[in-house]
Amino acid sequence: MSAEPFGRLDHRSELRETLLPLCRLQPGEVWHDSKHGHKVGVLDAAKREDVQKIFGEEQAVLSVQDPPYNVTAGAENTENLFRWNLKDYMEWSEKWVENNLRIMTPDAGLYVWLGADQRDHFQPLPDFMVMMRRFPELVSRSFITMRNQRGYGTQKNWMAVRQECLYYVKGSPAFNVNAEYTEIPRILRGYYKEVHGQKMENPERSRSENIRAGNVWVDIQQVFYRMQENVPGCYAQKPLKSIERILQASSREGDLVADFFAHAGTTLLAGEILRRRVFTFDIDPVFAELTIRRLEHHRQTGKTGFQWETPFPEIV
Ligand SMILES: C[S@@+](CC[C@H](N)C(=O)[O-])C[C@H]1O[C@@H](n2cnc3c(N)ncnc32)[C@H](O)[C@@H]1O
C-alpha cells in the first residue's frame with residue numbers, strides 16, 4: 001500500500017477491510033494506557049452502557065466533542081456517502097449529549113464542533129443549538145468560528161472556510177484566559193481612556209504583545225498531508241493547536257478530558273502533550289487503532305502525526 005495518497009478511509013471501504021484485522025480492539029473493548037492513564041475504546045457515544053464502560057465512576061472536567069456533522073459538502077465523492085434525516089440525527093445527538101452530561105463533573109466545560117449545511121437550511125447547527133436548551137444544567141458561553149485555509153465553493157457563492165464550535169458550561173469551571181493569546185503580534189495598542197484629563201493606555205488591554213484569539217480563530221493551520229501532524233486516512237482531523245487551545249483554557253494538568261469521537265486521536269495527543277488524562281473512543285475500530293498508534297508514534301519519535309507515511313507499516 002502506498003502511504004500517500006493513502007486516501008480517505010470513508011472513500012475506500014476495501015482499505016478499511018484490510019485494516020480491520022490489524023486493529024487491537026473489537027467493538028465494546030477498551031485499551032488502558034499503563035504510562036499516563038489514558039483510555040481508548042471502540043464504543044458508541046449514543047449508548048449509555050458504552051460510556052459507562054470506559055468512564056466507570058470517573059468524571060471529566062472537560063469534554064471536547066466532534067461528532068459527524070451530517071453535512072456532505074466537500075465530500076461528494078464519498079463512497080459510503082450517507083446522511084441521516086435531521087430528526088434521527090437530532091435524536092441521536094440528544095442521546096450522546098445526555099451521556100456526556102453524566103460523565104461531566106459539577107463544574108465542567110463542553111465544546112462541540114459542528115457543521116452547517118449551507119445547501120440545506122444550515123442544518124444541523126441551529127437544530128442542535130435549540131435542542132441544547134433542553135438541558136437546563138448546560139449554559140451557553142461562546143460560539144467559536146475557526147477559519148480554514150482551504151475551502152470549497154463555486155464561482156457563484158462565497159468560499160466556505162468556517163468551522164463552528166459551541167462552548168457550554170455546567171456549573172462554573174475555571175477558564176484560563178492566557179491560553180487565549182495567539183502568536184500574532186498586536187499592531188494597534190490597546191484602547192485609550194482618560195485619567196485626570198490625560199489620555200492613558202488601558203492597562204487591562206496592554207498586558208500582552210500578542211492579540212487574543214477571541215471567538216474567531218484565524219491563526220490555526222488546517223491539517224493537510226504535508227504537515228507532520230497529518231494522520232493518513234483521516235478525513236476530519238482537527239488541528240492539534242485548536243484542541244490544545246481548548247485544553248489549556250478549560251482544564252489543568254492532571255485533569256480528565258473526554259472525547260467520544262476520537263477519529264485521528266487529536267484530543268488524546270493534546271492531552272498527552274499537556275499532561276491531561278484523556279478517555280476517548282470511536283465507534284470504528286480503525287479510528288480507535290489510529291488513535292492509539294498516533295500516541296505510540298508520538299512517544300517513540302516525538303512526532304505529532306505520520307505526515308504522509310503510513311500508520312500501518314505492516315501492509316506494504
Ligand atoms: C468528525 S470525526 C472526529 C475528528 C476528531 N476530532 C479528530 O480531530 O480527529 C467524527 C468521528 O466520530 C466517529 N463516530 C461516528 N458515530 C459515532 C458514535 N456513535 N460513537 C462514537 N464515535 C462515532 C466516526 O467514526 C469519526 O471518526
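**View 1. The largest nonpolar core of the predicted model.** This core has 62 residues, and those with the most contacts inside it are Ala60, Val257, Phe281 and Ala288. A nonpolar core is a set of buried Ala, Val, Leu, Ile, Met, Phe, Trp, Tyr and Cys residues joined through C-beta atoms within 7 Å; buried means 20 or more other C-beta atoms within 10 Å of a residue's own, exposed 12 or fewer, and partly exposed in between, with C-beta atoms placed from the backbone. Residues are numbered from 1 along each chain as its sequence is written. As the model is predicted, local features need pLDDT of at least 70 and side-chain atom pairs count only at pLDDT 80 or more, while totals for chains, interfaces and linings use all residues.

View 2. Strand 1 joins strand 2 (residues 39-42) in the antiparallel sense over 3 bridges, and valine 30 stands opposite glycine 41.

View 3. Glutamine 307 lies in the segment after helix 7 (285-301). Glutamine 307 is partly exposed because 16 other C-beta atoms lie within 10 Å. Beyond its neighbours within four places in sequence, glutamine 307 is in contact (C-beta atoms, placed from the backbone, within 7 Å) with Arg226, Met227, Gln228 and Asn230.

Conventions
Helices (H or I, at least four residues) and strands (E, at least two) are DSSP runs, numbered from the N terminus. Two residues are in contact if their C-beta atoms, placed from the backbone, lie within 7 Å. Two strands pair if DSSP finds at least two bridges between them.
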